[in-house]
Amino acid sequence: MAVKSVYICSECGYESAKWYGKCPSCGEWNTMEEHIPSPQIKGKTAAVSKSAPSSVRKLSEINSDIEKRILSGVNEFDRVLGGGIVEGSLVLLSGDPGIGKSTILLQICQPIGKSKKVLYVSGEESARQIKLRANRLGVTTENLFVLAQTDVLSIIETIKVEKPDIVIVDSIQTMVIDGISSTAGSVTQVRESTNLFMHLAKSLGIPIFIVGHVNKDGAIAGPKVLEHIVDTVLYFEGERNYSYRILRSVKNRFGSTNEIGVFEMTQNGLKEVENPSLLMLSGRPKNASGTCVACTMEGSRPILAEVQGLVTASGFGTPRRMSTGFDYNRMSMLIAVLEKRAGYFFNGMDAYLNIVGGLKLYEPAADLSVAIALISSLKDKVINEDALAFGEIGLAGEIRAVNNCEQRIAEAVRLGFTKCVIPFHNYKSLSKEIKTSADIIPVRNIRSAFEAVSE
């Protein structure tokens with residue numbers, strides 16, 4: 001009996017029995033690729049039924065010791081991973097081209113290579129190219145071994161023979177399995193190659209890093225199931241025009257997904273930024289309206305960022321709204337609340353919002369700083385440069401409580417801020433030490449918050 005072809009979308013992994021010019025799932029054009037599934041073996045059901053049953057263990061009998069971790073020597077990298085590299089883990093590192101994925105992985109080979117054996121598998125660059133980049137980054141360890149190969153089965157056999165402590169695969173889209181007819185980077189090749197590396201990592205207890213490309217929408221290229229196979233998914237974020245990079249975890253079976261690592265791209269590679277708040281606030285303008293400092297939580301780390309707003313008369317019938325680093329729809333909602341509940345009217349006014357330094361604020365606690373920056377520019381009133389504000393704004397114009405209030409205030413005081421505007425409901429739970437460390441101003445609504453920080 002003839003085996004029917006299956007058409008799979010190379011962007012989202014959608015499967016169909018017939019070909020489409022446009023994928024019904026993701027809407028991309030010319031992404032349906034033909035795949036011929038392997039024929040089923042006759043008598044497979046009977047063979048499975050005769051196989052030995054899997055061993056079952058009681059939960060109380062399973063060893064629950066804390067997983068062993070390998071320190072990479074880069075504190076920001078270890079922070080995102082949850083405290084280090086877990087033995088036997090499979091980590092996917094993704095990001096835009098040229099963002100620094102290969103750079104950070106090659107850099108951690110230097111401190112790890114002092115006591116561990118590292119195998120760097122490259123499918124995109126030759127061994128000579130890796131050597132030139134290693135010289136530029138100052139990677140001179142003798143325990144770093146390079147393998148320029150794309151055949152997955154050959155790579156696995158090499159790993160079993162060499163027995164390295166850590167393996168880096170750059171990148172998964174270049175890996176191929178000879179038994180699969182599709183080309184490198186296709187859905188089937190990427191999925192099956194990742195599966196083989198996953199089984200290898202678990203069976204030998206070797207941590208494996210795989211580099212993944214992203215598509216034009218910023219998502220990991222290939223099937224979504226790729227993210228479910230691996231233990232940890234890391235995203236490298238950053239704008240090409242900025243030298244700062246943010247390493248963010250979106251999935252982590254061995255730690256928190258809220259931690260971030262901040263790096264600066266230099267001529268000698270990526271450099272850790274141990275105090276991101278000080279970096280984001282450097283170069284603040286003085287005696288200028290439309291600027292306010294926000295405090296957002298990234299995991300357990302409070303980060304201070306400068307929010308800039310610009311409100312000016314519109315030259316068109318419909319006012320323009322533009323936001324960089326902050327959700328556009330939430331900015332529009334805040335402007336509507338300011339007009340309806342606080343009496344600040346933006347009719348006929350263009351409104352622009354920017355988070356300095358390329359940082360992106362996702363937390364609702366940044367609402368109050370955004371609103372104050374917009375009002376400051378609208379009224380052309382300067383905000384006290386030693387003041388900081390945070391709090392979530394509701395649709396009724398109220399200032400709602402946020403979490404980790406004491407940590408935010410402590411970080412602000414450490415950086416020299418003397419006035420903190422916080423939600424009224426957070427003030428009751430503050431300790432005496434925090435209340436006396438700075439001028440804490442609890443507020444219930446937007447108007448009182450703006451009056452507290454304006455000069």
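**Side-chain interactions**

The side chains of Tyr120 and Asp170 are joined by a polar contact of 2.9 Å. The model is a predicted one.

Me: Is Tyr120 buried or exposed?

Reply: Leaving aside neighbours within four places in sequence, Tyr120 is in contact with residues including Leu106, Ile130, Phe145, Leu147 and Asp170. The limit for the buried class is under 20% relative accessible area. Tyr120 has 0% relative accessibility, so Tyr120 counts as buried.

Me: Which residues does Ser193 touch, not counting those up to four places away in sequence?

Reply: Ser193 is in helix 6, which covers residues 187-204. Its relative accessible area is 0%, so Ser193 is buried. With residues up to four places away left out, Ser193 touches Val152, Ile172, Met175 and Ile177.

Me: What is the N to O distance in the salt bridge of Glu192 and Arg191?

Reply: The whole structure holds 14 salt bridges. One of them is formed by the side chains of Glu192 and Arg191. Glu192 is partly exposed, because its relative accessibility is 29%. The N to O distance between Glu192 and Arg191 is 3.5 Å.

Me: How many residues apart in sequence are the parts tied together by Arg248 and Glu298?

Reply: Arg248 and Glu298 form a salt bridge in which the closest N and O atoms are 3.2 Å apart. Arg248 is in strand 12 (residues 244-252) and Glu298 in strand 15 (residues 291-298), so the pair ties together parts separated in sequence by 50 residues.

Me: Are Arg248 and Glu298 buried or exposed?

Reply: The salt bridge of Arg248 and Glu298 was given above with a closest N and O distance of 3.2 Å. Both residues, Arg248 and Glu298, are buried.

Me: What is the angle between the planes of Phe236 and Phe263?

Reply: The count of aromatic pairs is three. Phe236 and Phe263 form one that is edge-to-face, a class that requires planes over 60 degrees apart. Their centres are 6.0 Å apart, and the angle between the planes is 75°.

Me: How many residues apart are Phe236 and Phe263, which link distant parts of the chain?

Reply: Phe236, at 3% relative accessible area, is buried. Phe263 is also buried, with 0% relative accessibility. Phe236 lies in strand 11 (residues 232-237) and Phe263 in strand 13 (residues 260-266), and the separation is 27 residues.

Me: How far apart are the ring centres of Tyr344 and Phe450?

Reply: Both Tyr344 and Phe450 are buried. Their planes meet at 75°, so the pair is edge-to-face, and the distance between the ring centres is 6.2 Å.

Me: Over the face of which residue does Arg444 lie?

Reply: The charged end of Lys435 sits over the ring of Tyr427, 4.6 Å from the centre of that ring. Arg444 is 3.7 Å from a ring centre, and the ring belongs to Phe424.

Key: Residues are numbered from 1 along each chain as its sequence is written. This is a predicted model: local features need pLDDT of at least 70, side-chain atom pairs count only at pLDDT 80 or more; totals for chains, interfaces and linings use all residues. Side-chain values use heavy atoms; hydrogens and water are left out. A salt bridge is a side-chain nitrogen of Lys or Arg within 4 Å of a carboxyl oxygen of Asp or Glu. Buried means under 20% relative accessible area, exposed over 50%, partly exposed in between (1.4 Å probe, protein chains only). Helices (H or I, at least four residues) and strands (E, at least two) are DSSP runs, numbered from the N terminus. Contact means heavy atoms within 4.5 Å. Rings of Phe, Tyr and Trp (its six-membered ring) pair if their centres lie within 6.5 Å; planes under 30 degrees apart count as stacked, over 60 as edge-to-face and the rest as tilted. A charge sits over a ring if NZ of Lys or CZ of Arg is within 6 Å of the ring centre and within 35 degrees of the ring normal. A polar contact is a pair of N or O atoms within 3.5 Å; within protein, one must be able to donate a hydrogen and the other to accept it, and residues adjacent in sequence count only if both atoms are side-chain atoms.
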